[in-house]
Amino acid sequence: MTSSKTFQPVLERIAEEIGRTPGRGRPADYIPALAARDPRAFGMAVAEPDGTVYGVGDWREPFSTQSITKVFTLALDLAREGDELWEHVGREPSGNPFNSLVQLEYESGIPRNPFINAGALVVTDRLQTRTGDAAAELLGFLRTESRNPDLDFDREVAASEDAHGDRNAALAHFMASYGNIDNPVPVLLDQYFRQCSVTASCADLALATGFLARHGVRADGSRLLSSSQAKQINAVMMTCGTYDAAGEFAYRVGLPGKSGVGGGIIAVVPGRCTLCVWSPGLDERGNSVAGVAALDRFTTLTGLSVF
C-alpha cells in the first residue's frame, strides 16, 4: 500500500498511461456546452484529509459537474432531516437508466435511490423546503469546502437542460401525483437544473468531497454528518453512484464513486483521501471512459481500496 507521499508520481504515471490510450468515448451531446469539450482532455486530483492536494493534467480546468452534485445535496439534506429522508427515497441500485420512469409507477412514486434523476429530484425538493434555496445552499457549501469563492452556476448549461428537461419534468409531476414532491414542479426544476450546472475543477471537487473521507467532518473541523451518515452516503455511492454500471465500477475501481455526464467522477478512500478525475468522453452508460480507467489504475497502483 502506498504512502501519501507517492500520490504525485502515481498521478503522473496514470496521466502518461491514459495519454497513450486510444478510444476515449464521446462527450454528452444533448447539452451544447458539454458536446463541445475535447474528449481527450484529462485531469485528476487527490486531496488528503488535511486539505493537501495533488494534481495532474487539466486538474484545475473547470467543467460541468452535473450529477456529481447529487452527493452534496444528499449530504446537506441528510444533515437536516436524518433518517426521515429514507421514507421518501430508497437506497437500492435501480438497474435502469438514470432518467427512467419505469420503476416509479409500481413503487408508488418512491425513487429507487438518490442518485438516479427521480431520487435526486426528491432530495433537492426536500432541501428546498428546508432552506428556501437549495441550489444556493449547495453552491455555498462547495465554495467553502473547496476554498474557491469563484465557483458558480453556468447559466447556459442550466438553460440548455431546461430546454431538454421534459423527462425530468415528467418524473417530478409523476412523483408529485403520489405526494412525494412538496414544492411546485417549475420551482423544483429550476433548482435542480441550477444545481447540475455548477462548474468546478478536479481540485475543487476533490477538496469538497473531503468530508466523506473525514467521516462527516467539514474542512473547518465542524461536523456536517455523523460518522454513520457519512458511511451511508459512501455505501450508496458504491452501489448506485455510476448509473447502471455501479457493479462494474465496484469491480474495477473498488471505491465509493459518483459520476456526471460532464465527464467527472469523484471517489472516496475513507480516512485516507478523496479523488476527482475528469475526461469528457463517455461510455454508453454515461461514465467517463478515461476517468474510470484512471481510477482503476489508481487503486491498482496504490492498493487503496475499500476491499
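Which residue in β8 is the bridge partner of V268? In this predicted model, the partner of V268 in β8 is T274. The bridge belongs to the pairing of strand β7 (residues 264-269) with strand β8 (residues 273-278), which is antiparallel and extends over 6 bridges. Strands of a sheet pair through backbone hydrogen bonds, in either a parallel or an antiparallel sense.

β7 and β8 are part of an open sheet of 5 strands, ordered β2-β1-β8-β7-β6 and paired in the antiparallel sense. At its edges are β2 (53-57) and β6 (257-259), each of which pairs on one side only. From one strand to the next, the twist averages 10 degrees.

Helix α14 is placed across β1 (43-47), β7 and β8, and it runs at about 145 degrees to β8.

The next contact to follow is that of α14 with another helix. Helix α1 (residues 7-19) packs with helix α14 (residues 289-302) at an angle of about 135 degrees, and the two axes are 10 Å apart. Because of this angle, α1 counts as oblique to α14. The crossing of α1 and α14 is right-handed. On the α1 side the contact is made by F7, V10, R13, I14, E17 and I18, and on the α14 side by A290, A293, A294, R297, F298, L301 and T302. Sorted by class, the contact of α1 with α14 has 9 nonpolar residues, 1 polar residue and 3 charged residues.

A second sheet is also present. It is open, has 3 strands in the order β3-β5-β4, and its pairing is antiparallel. Its edge strands are β3 (63-64) and β4 (152-153), each pairing on one side only. β3 pairs with strand β5 (residues 198-200) in the antiparallel sense over 2 bridges. Within β5, T199 is the residue that stands opposite S64.

Another helix pair is formed by α8 and α9. The axes of helix α8 (residues 166-177) and helix α9 (residues 185-196) come within 10 Å and cross at roughly 135 degrees. α8 passes α9 in a right-handed crossing. From α8, the residues N168, A169, A172, H173 and A176 take part, and they meet V185, L188, L189, Y192 and F193 in α9. The contact of α8 with α9 divides into 8 nonpolar and 2 polar residues, with no charged ones.

The pair formed by α3 and α6 has another geometry to consider. The axes of helix α3 (residues 69-81) and α6 come within 10 Å and cross at roughly 105 degrees. α3 and α6 are therefore roughly perpendicular to each other, since angles of 65 to 115 degrees fall in that class. T69, F72, T73, L76 and R80 of α3 make the contact with E137, L138, F141 and L142 of α6. By class, the contact of α3 with α6 has 5 nonpolar, 2 polar and 2 charged residues.

F141, one of the α6 residues in that contact, also takes part in an aromatic pair. The count of aromatic pairs comes to 8. Among them, F141 and F211 form an edge-to-face pair, with 5.6 Å from centre to centre and 85 degrees between the planes. F141 lies in helix α6 (residues 134-146) and F211 in helix α11 (residues 210-213), so the pair ties together parts that are 70 residues apart in sequence.

Notes: Residues are numbered from 1 along each chain as its sequence is written. This is a predicted model: local features need pLDDT of at least 70, side-chain atom pairs count only at pLDDT 80 or more; totals for chains, interfaces and linings use all residues. Side-chain values use heavy atoms; hydrogens and water are left out. Axes are lines fitted to C-alpha atoms, for helices over the stretch in contact, and angles run from 0 to 180 degrees between N-to-C directions. Helices (H or I, at least four residues) and strands (E, at least two) are DSSP runs, numbered from the N terminus. Angles under 35 degrees count as roughly parallel, over 145 as roughly antiparallel, 65 to 115 as roughly perpendicular and the rest as oblique. A crossing is left-handed if the near helix is turned anticlockwise from the far one by less than a right angle, and right-handed if clockwise. Contact means heavy atoms within 4.5 Å. Ala, Val, Leu, Ile, Met, Phe, Trp, Tyr, Cys and Pro count as nonpolar, Asp, Glu, Lys and Arg as charged, and the others, Gly among them, as polar. Two strands pair if DSSP finds at least two bridges between them. Rings of Phe, Tyr and Trp (its six-membered ring) pair if their centres lie within 6.5 Å; planes under 30 degrees apart count as stacked, over 60 as edge-to-face and the rest as tilted.
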